[in-house]
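User: I'd like to go through this structure with you, a piece at a time. Could you take my questions as they come?
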Amino acid sequence: MTFDFHAYRLSFVARESIQFPAVVPANVLRGGFGLMLRRVACECGPSGTHAAACTYARFFEPEALSSGPSGLRDHPRPFVFRARSLDGRTVEAGEPFEFGMNVFETRYPFGERIEQAFSELAAEGLGPTRGRALLLECNQSDLSLELKAVAECVSRASVSFLTPTELKAGDGLAAAPEFAVLFARIRDRVSTLRALYGNGPLDIDFRGMAARAAGIATACCEIRSVAADRHSTRTGLRHGLSGFSGDVDYSGPLDEYLPYLNAAQWTGVGRQTVWGKGELSVRAVRPGDR
């Protein structure tokens, strides 16, 4: 059983000074990309109803086309941006810059539309300052992550939450990323993305893995609260982008969970991942490692 997706790397050169916001520059890219994708890939007219074949709706408004898995009200969009290198950065004219985009929709080809949308968006202007740029390259890698556990005798892993992260727990939000909660949110996200855009939901022992995850201990937790918000150009409203960031060490028998932690490095985890939240990195400590 695998988790398949496409990883894009988009490279640009600035024609004018471009200023990117701090904390979650991915959200600015998401907003501009959505507006431009509608222009280049939607021919449904002003009615507000999208045809089943609408490329824009499939990619940016998937909930408009189908009900999806039982109980899922809002479909996660099938992509996330990876743009922390642009966090608070001002790119001057003539300077190169780049960012990543991970795409989880594997049933339809979107590469050409992604390249077209970002080429036109860059030509019109990026970021709050609307500085213009030139798209140089849009490189695509097709990746397949094996979700089956490999016996590595890993008993410790460090997870760095790189952007503000919020994890649902019960009827609220988790105050700290206990492993059972973290794994549950990763498992649900990977399963949902597979169900909506790939090879189908996960075929695993949900109850057994959850029970064993409860036995993974938090060895060290150094997290902090991050406060941020975003402004919607479409509605004029401000939305919170807060959460926690920092480092957490987990200890216990982690072999069966490492594939999911690895997948989460590509998918993100928790609320509002499409806005740039929930990005993480993982370091597993294997026998012999210092």
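User: Where is G34 found, in terms of helices?
Analyst: This is a predicted model, and in it G34 is found in helix 1, which covers residues 25–41.

User: And is G34 buried or exposed?
Analyst: G34 is buried, since its relative accessible area is 4%, a value under the 20% cut-off for that class.

User: Which residues does G34 touch, leaving out those up to four places away in sequence?
Analyst: With that exclusion, G34 touches Y56 and F60. As for I114, it is 80 residues from G34 in sequence, while the C-alpha atoms of the two are 10 Å apart in space.

User: Switching to cysteines: how many disulfides are found in the whole structure?
Analyst: The search of the whole structure finds 0 disulfides.

User: What about C138, then: how far is its sulfur from the closest cysteine sulfur?
Analyst: For C138 the closest cysteine sulfur is the one in C54, at 20 Å, so that pair is also too far apart for a bond. C138 is buried, with a relative accessible area of 17%.

User: OK, backbone now. What is phi of R130?
Analyst: Phi of R130 is near 55 degrees, a positive value in a residue that is not glycine. As background, most residues other than glycine have a negative phi. R130 sits in the loop between helix 3 (111–124) and strand 6 (133–146), and at 42% relative accessibility it counts as partly exposed.

User: And Q272, where is that found?
Analyst: Q272 is in the loop that lies between helix 6 (258–267) and strand 14 (280–285), and its phi is positive too, near 60 degrees, in a residue other than glycine.

User: How many bridges join strand 10 to strand 13?
Analyst: These two antiparallel strands are joined by 9 bridges, with strand 13 covering residues 243–251; one of the bridge pairs is V226 with G243 in strand 13.

User: At what angle do helix 4 and helix 6 cross?
Analyst: Their axes cross at roughly 65 degrees and come within 10 Å, helix 4 being residues 179–197, and the crossing of helix 4 past helix 6 is left-handed.

User: Which residues meet there?
Analyst: From helix 4 there are F179, L182, F183, I186, R189, V190 and L193, and these meet Y260, L261, A263, A264 and T267 of helix 6. By class, the contact of the two helices has 10 nonpolar, 1 polar and 1 charged residues.

Terms used:
Residues are numbered from 1 along each chain as its sequence is written. This is a predicted model: local features need pLDDT of at least 70, side-chain atom pairs count only at pLDDT 80 or more; totals for chains, interfaces and linings use all residues. Side-chain values use heavy atoms; hydrogens and water are left out. A disulfide is a pair of cysteine sulfur atoms within 2.5 Å. Buried means under 20% relative accessible area, exposed over 50%, partly exposed in between (1.4 Å probe, protein chains only). Helices (H or I, at least four residues) and strands (E, at least two) are DSSP runs, numbered from the N terminus. Two strands pair if DSSP finds at least two bridges between them. Contact means heavy atoms within 4.5 Å. Axes are lines fitted to C-alpha atoms, for helices over the stretch in contact, and angles run from 0 to 180 degrees between N-to-C directions. A crossing is left-handed if the near helix is turned anticlockwise from the far one by less than a right angle, and right-handed if clockwise. Ala, Val, Leu, Ile, Met, Phe, Trp, Tyr, Cys and Pro count as nonpolar, Asp, Glu, Lys and Arg as charged, and the others, Gly among them, as polar.
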